[in-house]
Amino acid sequence: MAKQYDVLFRLLLLGDSGVGKTCMLRRFTEGEFDPSHISTIGVDFKMKTIEIDGLRVRVQIWDTAGQERYQTITKQYYRRAQGIIFVYDITDRASFQHIAKWAGDVDENAPDDVQTILVGNKADEECSRQVTKEQGQKLAETYGMEFFEASASTSSNISESFIRVTELVLQAQKRDVDNLLGSLDSYLDQVALQEEKSSQDNHTQRTCAC
Ligand SMILES: Nc1nc2c(ncn2[C@@H]2O[C@H](COP(=O)(O)OP(=O)(O)OP(=O)(O)O)[C@@H](O)[C@H]2O)c(=O)[nH]1
């Protein structure tokens, strides 16, 4: 049977318990929102295929438990992540402050070229807001990340966030392939030059009268 996609990427959702990671994932993959909070145990994942630049990209999105007690398990998933969405809750300042801790864990455990974005979820809860949009933006800039405020409840900026991190992973992969092809090209050029030089040397030897 023909493959249903062209590339497969692994993404990870990270952030404190209750910021809405599972709800964001369900909204993106199933288009649904469930207001109940059943804490994720360890890790869970969902898949979705999206199209970017004519490529069918299958994303495997790992939803991690925000609770401290699962962190030995969840950290094992960082190593294979190609893209990470850091999530905080705009109505919970502590979850915003803890992004520094999540980012530190990623620095220690994820690959150097992992692509990251920052999302402030629950943007529909304007009256309970504890973190301003400017604060979110500034933190994202500090880490060199792109930033979105989103809402799993209204669906605002949910697809945009998942698609953006996937685009960043795709761009990073293309850069790697281009670099590889670039090195291969210069290697082949060098080989061709050497062959040309040695055939010229042979020719000179053969035509030498002495
Ligand atoms: N108002 C509002 N509530 C939300 C939103 N997203 C999630 N919630 C609520 O926040 C609570 C926690 O959501 P979850 O998705 O279970 O949180 P989580 O980050 O996966 O939590 P852990 O699995 O414990 O790490 C639930 O009661 C959700 O209904 C949102 O965009 N707006």
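This is a predicted model: local features need pLDDT of at least 70, side-chain atom pairs count only at pLDDT 80 or more; totals for chains, interfaces and linings use all residues.
Biologist: Which residues come nearest to the ligand?
Modeller: There are 22 residues around the ligand.

Biologist: How many residues of the shell around the ligand are polar?
Modeller: Five shell residues are nonpolar and four are charged. The polar class, which includes Gly, holds 13.

Biologist: How many of the ten residues of α1 are buried?
Modeller: The buried residues of α1 are K21, T22, C23, M24, L25, R27 and F28. The helix is mostly covered. The count is seven.

Biologist: Which residue with positive phi follows α1?
Modeller: Phi is near 70° at this position. The residue that follows the helix is G31.

Biologist: Is K122 buried or exposed?
Modeller: K122 sits in the loop between β5 (115-121) and α5 (133-142). Its phi is positive, near 70°, though K122 is not a glycine. The cut-off for burial is 20 or more other C-beta atoms within 10 Å. K122 has 25 such neighbours inside 10 Å, so K122 counts as buried.

Biologist: Where is N157, whose phi is positive?
Modeller: Phi of N157 is near 60°, and N157 is a residue other than glycine. N157 is partly exposed because 19 other C-beta atoms lie within 10 Å. Its place is the loop between β6 (146-149) and α6 (158-207).

Definitions and conventions: Residues are numbered from 1 along each chain as its sequence is written. A residue is near a molecule or strand if its C-beta atom, placed from the backbone, lies within 6 Å of it. Helices (H or I, at least four residues) and strands (E, at least two) are DSSP runs, numbered from the N terminus. A residue is buried if 20 or more other C-beta atoms lie within 10 Å of its own, exposed if 12 or fewer, and partly exposed in between; C-beta atoms are placed from the backbone.
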